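Some notes on the sheet and its surroundings follow. Please read them beside the model.

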Amino acid sequence: MTIRILVVDDYMDWRKEVRFLLRARPEYQVIWEASNGSEAVQKAAELKPDLILMDIGLPSLNGLEAARRIRQVSLNSKIVFLTIDNSPDLKQAAMSTGAQGFVHKLHAQGELLPVIEAVLRENIVPRAS
């Protein structure tokens, strides 16, 4: 089974790192990379990915607002936030958008795949380190 993934981050090097981490699972297929929140909403509506890995601090439209809009145009897409800000308030705000997971970028190497697997099994993962 192929899992279609949209990666959203304004830093190309980080998107490359995420693609590298995802290579560990051959069923994970990155179908598009977006560099801002507006593009994320547009591509989510168009492509209906299974999973969206998204930063919060995005240009044009921040990740929180993008997630709210994605919920309206791609109901079945699961969202996992990847961000450098690990504050409890931000985690709560992120999860209130309907996202299923939250991973701090500094811990992505060890936590991203387990969080994705849990989310895809439909276990809600409110936070990882």
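1. Start with helix α4. This helix (residues 88-95) lies across β4 and β5 and runs at about 145° to β5. Helices (H or I, at least four residues) and strands (E, at least two) are DSSP runs, numbered from the N terminus. Axes are lines fitted to C-alpha atoms, for helices over the stretch in contact, and angles run from 0 to 180 degrees between N-to-C directions. Contact means heavy atoms within 4.5 Å.

2. On provenance: this is a predicted model, where local features need pLDDT of at least 70 and side-chain atom pairs count only at pLDDT 80 or more, while totals for chains, interfaces and linings use all residues. Residues are numbered from 1 along each chain as its sequence is written, and side-chain values use heavy atoms, with hydrogens and water left out.

3. The sheet is open. Its 5 strands follow the order β2-β1-β3-β4-β5, with parallel pairing (two strands pair if DSSP finds at least two bridges between them). β2 (28-34) and β5 (101-104) are at the edges; each has a single partner strand, so one side of each lacks a neighbour in the sheet. From one strand to the next, the twist averages 20°.

4. Look at β4 from its β3 side. Strand β3 (residues 51-54) runs parallel to β4 (residues 78-83), and 4 bridges join them. Leu 51 has Lys 78 as its bridge partner. Ile 52 stands opposite Ile 79. Helix α3 (residues 63-73) lies across both strands, at about 175° to β4.

5. Now the β5 side. Again the strands run parallel, and 4 bridges join β4 to β5. Leu 82 has Val 103 as its bridge partner in β5. The chain passes from β4 through α4 to β5 in a right-handed β-α-β crossover (right-handed: with the strands pointing away from the viewer, the path from the first strand over the helix to the second runs clockwise). β3, α3 and β4 also make a right-handed unit.

6. Is β4 buried or exposed? 6 of the 6 residues of β4 are buried, so the strand is largely enclosed by the rest of the structure (buried: under 20% relative accessible area, 1.4 Å probe, protein chains only). Lys 78, Val 80 and Leu 82 point one way; Ile 79, Phe 81 and Thr 83 point the other.

7. Check Ser 77, in the loop between α3 and β4. Ser 77 is buried, at 2% relative accessible area. A polar atom of its side chain lies 2.5 Å from the backbone oxygen of Pro 49. Beyond neighbours within four places in sequence, Ser 77 contacts Lys 48, Pro 49, Asp 50, Ile 52 and Arg 71.

Conventions:
Buried < 20%, exposed > 50% of the residue type's maximum accessible area, 1.4 Å probe, protein only. Polar contact = N/O pair within 3.5 Å; in protein donor to acceptor, adjacent residues only side chain to side chain.
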